[in-house]
Amino acid sequence: MIALFAPDAAATDAIGAAVAVHLKAGDIVTLEGDLGAGKTALARAIIRTRLAEPDLEVPSPTFAIVQPYKGIIHADLYRLADESEIDELGLIEDESDIVLVEWPERAPSLLRRPGLGIAIRMGAGGVGRVLSVRARGREMDQLARALAPWRAEGTQ
């Protein structure tokens, strides 16, 4: 697990860009955190970097539930009533897609698929964001080096 600190929105964007470069086809990236923690902001940075479109409009998928992009699926499962509904959403139809999932606890089976788990929470006193990044079924050495500038004190 890698613990990171993003003092501001620019750092969150930079972390998202670093993560984006190291994602592989088929990765499931789960984004956990309370409302307003920054899940969509991080997903937005990942999507813009992967698509090389820094000004791309990336709306929150809260109401649409799934927002598709070329090679990327961005989903918000907050309104899911039951995990069986993910089959109807087509999240895993193309095994080469990278899937970004907010509120993955609504579909626990996704937490067992290869990729990354990123938990985001507000920093102390509401300053910045604290992120925890875990690999699931994949190497993380190169990503760990890329994320070194934001490494929180006392983590490996």
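Helices and strands here are DSSP runs, helices of at least four residues and strands of at least two, numbered from the N terminus. Those labels are used throughout this tour of a predicted model.

**The whole chain**

Start with the chain in cartoon view. Four helices and seven strands make up its secondary structure. Followed along the sequence, they come in the order β-α-β-α-β-β-α-β-β-β-α. A compact globule of 156 residues would have a radius of gyration near 15 Å, and the chain, with 15 Å, agrees with that.

Of the 156 residues, 45% count as buried. Colour the charged side chains next: 17 are positive and 23 are negative, and the centres of the two sets lie 5 Å apart. Among contacts with a separation of 6 or more, 64% join residues 24 or more positions apart.

**The largest nonpolar core**

Hide the surface and select I15, V19, I118, V133 and L147. These residues have the most contacts inside the largest nonpolar core, which has 32 residues. At least two core residues come from each of β1 (2-6), α1 (9-21), β2 (28-32), α2 (39-50), β5 (98-102), β6 (115-122), β7 (129-136) and α4 (141-146). Which element gives the largest share of this core? That is α1, with five residues. As background, nonpolar side chains in soluble globular proteins tend to be buried together.

Keep V133 selected and show what surrounds it. Beyond its neighbours within four places in sequence, V133 is in contact with M1, I2, L4, L116, G117, I118, M140, L143 and L147. Another core, of 13 residues, lies apart from the largest one; I28, A75, A107 and L110 are among its members.

**G117, on strand β6**

Move to G117, one of the contacts of V133. G117 lies in strand β6. Is G117 buried or exposed? G117 counts as buried because its relative accessibility is 13%, and the cut-off for buried is under 20%. Leaving out residues up to four places away in sequence, G117 touches T30, S132, V133, R134 and R136. For a distance check, pick A75 as well: the C-alpha atoms of G117 and A75 are separated by 14 Å, and the two residues are 42 apart along the chain.

**G36, in a loop**

Select G36, in the loop between β2 and α2. G36 has a relative accessible area of 57%, so G36 is exposed. The C-alpha atom of G36 is 16 Å from that of G16, a residue 20 positions away along the chain.

**Two positive phi angles**

The last stop is the loop between α2 and β3 (66-69), where A52 lies. A52 is not a glycine, yet its phi is positive, about 55°. I65 has its place in the loop between α2 and β3 too. The phi of I65 is near 75°, also a positive value in a residue other than glycine.

Show the surface again to look at the exposure of each. A52 counts as exposed because its relative accessibility is 64%. I65 counts as buried because its relative accessibility is 16%.

Conventions:
Residues numbered from 1 in each chain as written. Predicted model: local features only at pLDDT ≥ 70, side-chain atom pairs only at ≥ 80, totals over all residues. Heavy atoms only, no water. Rg over C-alpha atoms; globule rule 2.2 N^0.38 Å. Buried < 20%, exposed > 50% of the residue type's maximum accessible area, 1.4 Å probe, protein only. Contact = heavy atoms within 4.5 Å. Lys, Arg positive; Asp, Glu negative; His and termini not counted. Charge placed at Lys NZ, Arg CZ, Asp CG, Glu CD. Core = buried A, V, L, I, M, F, W, Y, C linked by side-chain atoms within 4.5 Å.
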